[in-house]
Amino acid sequence: MLLVKNTLNPRSKGNEDEVVLHSLFTVFQLDEEGGEEEQEDEFEISISVKDPEKIGGLHPTNDVNVFQTQLAMFRNKTFTVRRRFSDFLGLYEKLSEKHGPNGFIVPPPPEKSILGMTKVKVGKEDSSSADFVERRRAALERYLQRVVNHPSLLQDPDVREFLEREELPRAVGTQALSGAGFLKMINKATDAVSKMTIKMNESDVWFEEKLQEVESADQQFRKLHTLVESLVVHRKELSLNTASFAKSTAMLGSAEDNTALSRALSQLAEVEDKMEQLHQEQAANDTFSFAELIADYVRLLGAVRGSFDHRMKAWQRWQDAQAALQKKRETEAKLLWANKPDKLQLAKEEIAEWEVKVTQYERDFDKVSATVRKEVNRFDKEKAKNFKREIINYLECHLQSQQQLIKYWEAFLPEAKAIA
Amino acid sequence: MMVMTSTLSVHGHNIKVTEVLKDGDTLTFLIVSQKLSGTGEHHVDRTYDDFEWLQQLLFSQEDEPGIQGVIFPSLPAKASANPSAKVMKQLGFLGLGEWQLYCKVLERYLRQVAAHSILSKNKAVEIFLTSSEPPGRQRARKNLFNRLSQAVEERRKEGYKDVDEFFQTERNHNLVLTCYAKTAAERFLDVVQSEQKIAVACAHFSASLHLCVEPGEDPDKQAFSKACVQLSEVFDSIKKNMTSVAENDMNTLGLGLDLESRCQEAEKEMLFRRTCKLVELEAARRNAEKAKPLKKAAMEEAKKTAEIEFNDICVVAKQEVHRFRAARVKMLQHTLVQWCEKQLLTAKESADQFNQQLQAFRGIAP
């Protein structure tokens, strides 16, 4: 359980989002080896990110999160730390710099939102800012959960530091990770690749097919997200209209002089009020089960594409090295003809150098390819699991709503019948 | 001017408006009534203008004592095949769908007219229901019941203090109820329209999910695709459920609130007519008192006429108010019970459906 608590420091400076997150990390089982990905059930880290709190009196930038964990590699079984939002972004930056080029799919955190945070900072207490705070909290929770679920990323000392260390040095340069900047970063690799005029000579058709799948999934998911957001808007509208109607029914009931009818109308007003509550819950259900999940996957698919792009880059580097080697050999051949023993020696040395590089880069490329493949398979597995779990959650909530509704109607029916 | 009265040759309680046909911009309604003699049915087609013709003739029964005390059954606003936004707003619930509710309302209007002891005797009703030829479509002449003429004087007279406590109470009560009923109907319409929007959004989402299906034999892909297909079915069910909920709302409580709102308006109009007569009477009394000997006899005569007319109206009005009160409670009870029963049934069906789908989901290999 990742409890992200949101705390706002009103004395925060600059544009940076200052969100205090209390995170609670609970690990259920220990595993000395750290676990292979196939044995995920052997160790489980559960993350909780609690609601933010206002922390006065401390240094303005010292907002914190709380985590607890029980993993053997950590010193304590459960612990709590406090983190700023920019810390989460900083973690992502580090991880993506280190592991991205190797073909790992590094989970992306939620974007900075200037608008959302400004509202919260200004202290605007309305449902939309409460909504935003909750969405962010939950998103950070899911983000961290994904990071720690990844067996390789979990080993990264930066991750451990993030989880354990009392105070983190402030992450700098996360200004780039505003909404627009973030997307730019994700797309940077893609842009660079698409500008390449050389088409990769794909020896493994698996990669070509997969990339196409990923791109089409990206499109589909973006569309789905828009549709779900629209559904949420309508549900909220229904909730408001129901509340409005409840009020007018109550007024009718109080003006009515036939006792039984008056009572029935008042009961009706109460039923409608309860239904308003149900509609609100339904809207929240739609939001968290689907809208947020789909948004996560849109971001994740971006990361998947990123890993393909890194593989392309690795391939490109190998190709460039081969081209360079070829050139050196040609130079050597020319020098043999020209009979310049000094330069020839140099050329031979350079050839040896480049031969090493070519071998190295080819091996790198193979390694990256293998990693990407493994990562994508893992991604697909996780995706299927995640969606299934969320859908079941959603259905359970929805079913509960319906059953609640049935109770309300059953309670109202005798009241309606009693009117005479 | 129609003067002759008659008894209706058809049953009033089971008049049906069975169909509506579109001809260009005009809507034509098919009306079926059962002959009292048991020998068959009358089938006639009428447009809105024919209904208005009938209404005008009912209004103009001037020689019927106390006719102004009648609470006239209310006709809805005119609908055309392609109504403007303004008309749609006026129609409210009646404009939704394919005119089913509108037909129901016209049907109710005819049944109320046919059941009314005074109104059913008007020959116009017989002609309307049984004549194979459409009744004359000339505009009836303007009369006291023309709303436009009332508009200006209305404000001043509406608040005129009554001489009878029964009517003063009824007037106050009616004023409040008219306003609340109209508001409630409007807000409920908003609720229904939100429900319809949700249904549409669910349909789009359901369709989109189908596009997420990924081909291939990979077990994870298959699991994901299957989840998408099943989720698509779930949202299709949600759509159907919402559509039913909206329909139930429309056909029962929506219709009921619309009727209540218009009936309160009709009572308001009757009470206003009576108030106007009261104002006239009190003026006539003052004139008779202050009259110079030359005019005295004429003024006394006028006063006596006004008194008789006013009393006739009060007698009819009182009966009508009692009838009205009983009828509306009955109607609202019936409406609320029907609404609740339908929604309960829909909710149960939907819960069963979701339950099945949930079980199916759990059954997919993890």
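The paragraphs below lead through a predicted model, taking chain A, then chain B, and then several individual residues.

Because the model is predicted, local features are reported only at pLDDT of at least 70 and side-chain atom pairs only at pLDDT 80 or more, whereas totals for chains, interfaces and linings use all residues. Residues are numbered from 1 along each chain as its sequence is written, chains are lettered from A and ligands numbered from 1 in the order in which they are written, and side-chain values use heavy atoms, with hydrogens and water left out.

Chain A contains nine helices and four strands, where helices (H or I, at least four residues) and strands (E, at least two) are DSSP runs numbered from the N terminus. Along the sequence these elements follow the pattern β-β-β-β-α-α-α-α-α-α-α-α-α. Of the 420 residues in chain A, 53% are buried, a term that stands for under 20% relative accessible area, with exposed meaning over 50% and partly exposed in between (1.4 Å probe, protein chains only). Among contacts in chain A between residues at least 6 apart in sequence, 78% join residues at least 24 apart, a contact being heavy atoms within 4.5 Å. The accessible surface of chain A is about 20,100 Å², with 52% of it belonging to carbon and sulfur atoms; these areas come from the Shrake-Rupley method with a 1.4 Å probe, and for residues only the protein chains shown count as cover.

Within chain A, Thr242(A) lies in helix α7, which spans residues 205–255, and with 1% relative accessibility it counts as buried. Apart from its neighbours within four places in sequence, Thr242(A) is in contact with Glu272(A), Met275(A), Glu276(A) and His279(A), and also with Val191(B).

Chain B has eight helices and three strands, arranged along the sequence as β-β-β-α-α-α-α-α-α-α-α. The radius of gyration of chain B is 27 Å, well over the 21 Å that the globule rule gives for 366 residues, so this chain is more spread out than a compact globule; the radius is taken over C-alpha atoms, and the rule is 2.2 Å times the number of residues to the power 0.38. Along the principal axes, the C-alpha atoms of chain B fill a box of roughly 110 × 50 × 35 Å.

Arg286(B) is in helix α7 (residues 219–290) and is partly exposed, with a relative accessible area of 44%; its C-alpha atom is separated by 8.9 Å from that of Lys303(B), 17 residues apart along the chain. Trp99(B) is found in the loop between α2 (85–91) and α3 (100–115), where it is buried at 4% relative accessible area and has a phi near 65°, a positive value in a residue other than glycine. Most residues other than glycine have a negative phi.

The structure holds zero disulfides over all chains, a disulfide being a pair of cysteine sulfur atoms within 2.5 Å. For Cys228(B), the closest cysteine sulfur is that of Cys212(B), at 4.9 Å, which is too far for a bond. Cys228(B) is buried, with a relative accessible area of 4%, and Cys340(B) also counts as buried, at 0% relative accessibility.
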